[in-house]
Amino acid sequence: MFRISTKAALRVGVLLSAALAAGTALAHPGHPDATMTASMSFAAGFSHPFSGIDHLLAMLAVGLWAAQNKRSAMWVLPLAFPLAMVAGALLAFAGLQIPAAETGIAASVAVLGLLIAFAVRLPLWSSTLVVSLFAMFHGYAHGSELPHGSSAAMYGMGFVLATAILHAAGLGIGLVAGKQMADRVVRFGGFGIAAVGAYLLSGM
């Protein structure tokens with residue numbers, strides 16, 4: 001069974017910090033009189049995942065699906081998503097383009113909802129790949145909406161923290177649900193998430 005050691009967790013933290021710091025160099029600095037304070041940048045980043053139903057549902061869904069998969073997935077998936085999300089944000093900070101990013105975000109809601117609804121359990125590497133791919137789209141959207149004059153590092157820390165909170169909420173709901181009637185409610189909720197994703201895709 002795959003386990004994350006303390007040393008590996010520390011390495012992930014260092015990698016995340018380095019990626020966020022790199023975002024500061026890649027972001028456009030703006031004029032001095034328009035520069036946002038660190039706290040304002042952090043608040044803008046923190047609020048962004050809550051600004052749209054697509055981001056919110058997808059991040060909750062990652063936690064719910066991780067809880068359904070149990071074991072290592074409960075740690076790996078909630079770690080993989082923000083790491084890949086930062087990578088997507090860095091692409092946006094650098095001015096690179098990800099085609100059909102909004103479609104990818106809507107698809108993430110639909111697909112993750114279906115995975116929950118049918119309680120699909122994939123090998124850890126493939127579930128991590130699925131989550132990471134979708135996270136890239138979400139991260140790109142966060143990064144492309146970096147407010148002018150804000151700190152990319154603080155903005156990034158804000159949206160990563162918000163994402164972690166939403167993952168934890170989904171994970172907590174999934175773990176509390178158990179395997180009986182409450183689990184059926186979670187799966188029914190997965191159908192609801194998928195329906196919202198389908199609606200978002202229909203509007204593309």
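Helices (H or I, at least four residues) and strands (E, at least two) are DSSP runs, numbered from the N terminus. This is a predicted model, in which local features need pLDDT of at least 70 and side-chain atom pairs count only at pLDDT 80 or more, while totals for chains, interfaces and linings use all residues. Residues are numbered from 1 along each chain as its sequence is written, and side-chain values use heavy atoms, with hydrogens and water left out.

**The chain as a whole**

- Of the 204 residues in the protein chain, 46% are buried, where buried means under 20% relative accessible area, exposed means over 50%, and partly exposed lies in between (1.4 Å probe, protein chains only).
- Among the contacts in the protein chain with a separation of 6 or more, 89% are between residues 24 or more positions apart; a contact means heavy atoms within 4.5 Å.
- The accessible surface of the protein chain comes to about 10100 Å², and 72% of this belongs to carbon and sulfur atoms, with areas taken from the Shrake-Rupley method with a 1.4 Å probe, and for residues only the protein chains shown count as cover.

**His167 and its surroundings**

- His167 lies in helix α7 (residues 152-177), and it counts as buried because its relative accessibility is 2%.
- The side chain of His167 reaches the backbone oxygen of Met59 at 2.9 Å.
- Leaving aside neighbours within four places in sequence, His167 is in contact with Met59, Val62, Gly63, Pro78, Phe81 and Pro82.

**Aromatic pairs**

- The structure holds four aromatic pairs, and rings of Phe, Tyr and Trp (its six-membered ring) pair if their centres lie within 6.5 Å, with planes under 30 degrees apart counted as stacked, over 60 as edge-to-face and the rest as tilted.
- Phe118 and Phe191 form an edge-to-face pair, at 5.3 Å centre to centre and with 75° between the planes.
- Phe118 lies in the loop between α5 (101-117) and α6 (124-144), and Phe191 lies in helix α8 (residues 181-202), so this pair ties together parts that are 73 residues apart in sequence.
- Phe191 is partly exposed, with a relative accessible area of 39%.
- Tyr155 and Phe159 also form an edge-to-face pair, at 5.7 Å centre to centre and with 80° between the planes, and they are separated by about one helical turn because they are four residues apart in helix α7.
- Tyr155 counts as buried at 1% relative accessibility, and Phe159 is buried with a relative accessible area of 1%.
- Phe42, Phe46 and Phe50 are linked by ring pairs into a cluster.

Notes
Polar contact = N/O pair within 3.5 Å; in protein donor to acceptor, adjacent residues only side chain to side chain.
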